[in-house]
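Hi,

Here is the structure I promised you.

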Amino acid sequence: MTRRSRPGTSAARTFEALPPTKGSRAPFAESWWGRAWLRSLEESSLDSGRLSRGRTYARGGAVGPVTIAPGSAAAPVQGSHRTPYRSTVQVEQLTDRQWDQLLDMIAERAANIAALLDGEMPTGLADDAAAAGVPLLPGPRDLDPGCSCPDWGYPCKHAAALCYQVARLLDHDPFVLLLLRGRGERELMDELGRRNTARASAAAAGAGPAALPARPGDPAGPTFASRTALPPLPGPPPLPDRPGRGPALVDSAVPESGLDPAALELLAVDAAARAHHLLAGALGARHTDTAPPAPLTEWQDAVRLAATHPTLDVFARIASNCGRTPGELAAATRAWRHGGAASLDVLESPWNPPASHLKRAREALRADWADGRPPRLRSWRNRWTVEGHAAQLRLGRDGLWYPYTKDRGTWWPAGPPDADPAVVLSTLLAA
């Protein structure tokens, strides 16, 4: 990988070591650009087991202060030896020509600068940059990890831990990504200020783009021919404090034959709650990075309704009409609360994961266990049952491990999932 450097243009930044979060199920990246960084790491990795151990190291506080410089990130990572290893990850820097293109794109819209200063990376900026051949976001094989340890893995668990910590830094400050690409915040803001001043001077001198000619009889012609700015768009509607309750139908009138006023009231309340949730997402800063939810089957929606409105009356109505036993519905609603449709699929649909995936997971489990000897596991398809315990791990099609416990002969969902089976198993056995 060729790296271009521009000595003296950007100062390195050092971030204090993040506190341990062992046992936490919070993702390493919540922002779309942080997830893009992790996709680059995970798609280029040759060993998912080392990635799993890297996540464990990062959660356990093994990564020391992280220094971000143009083209690289570095940190000491505490491994099994007394002296920490020196881990790095290098990223190709943008050329001067690419920076010129990117800065023009940022300066074109004041909203881009405002978003960056507010800790956001505009999705439109990244898309425009990619279309112009400027790789703002790293792609597969764009990250080059290294470490002073003797492990030749790509990456080793220490370098993987560093990459996961960098994702957390990116979440809070998109200028970290720009520094990795070659330029720091102060340098960028100074250059953007110069470009904005030049644009304002050119506009004042009449050096802007020529006006569009007006066509005879075209009422829009004067508007397009003028140099005045269009009025701003109206602001979004305010988000109500809480969803509406819907109409009161019970006892309000004699219903038509076949209508159930209580059921209609419930559906109106549920629709209002879902609309409030969708509006909150639409007004959020990361709305453009949120994919629309997949449509639910009739059974999935029945389980969602029972989990969202946990009353005996609602549960009894759904159980009597969905063709399932109350016990099946109870297990399904518990699964839904822990992970939605993906968790419900884990409860009801055993499947055969690739043998190589399970082998790497077992190796990661042994590596992460305190004495290297985790409890004995009995394997069947995507399920690992802990011998001597009423505990089970189930691998979902989403790559997450779901905890289960056995009660009176029935396996029940026992908590939210995690990508690391060691985290799920240790939590299960500690309960």
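V91 has L143 as its bridge partner in strand β5. β5 (residues 143-147) runs antiparallel to β4, with 5 bridges joining the two; strands here are DSSP runs of E, at least two residues long, and helices are runs of H or I, at least four, both numbered from the N terminus. Two strands count as paired if DSSP finds at least two bridges between them.

This is a predicted model, where local features need pLDDT of at least 70, side-chain atom pairs count only at pLDDT 80 or more, and totals for chains, interfaces and linings use all residues. Residues are numbered from 1 along each chain as its sequence is written, and side-chain values use heavy atoms, leaving out hydrogens and water.

β4 also pairs with β3 (residues 72-77), antiparallel again and through 6 bridges. There, V77 is partnered with Y85 of β4.

Buried means under 20% relative accessible area, exposed over 50%, partly exposed in between (1.4 Å probe, protein chains only). In a regular strand, side chains alternate between the two faces of the sheet.

On to V166. Leaving out neighbours within four places in sequence, V166 is in contact (heavy atoms within 4.5 Å) with W37, V66, I68, A73 and L180.

Lastly, L267 sits in helix α10 (residues 261-283) and is partly exposed, at 46% relative accessible area.

Cheers
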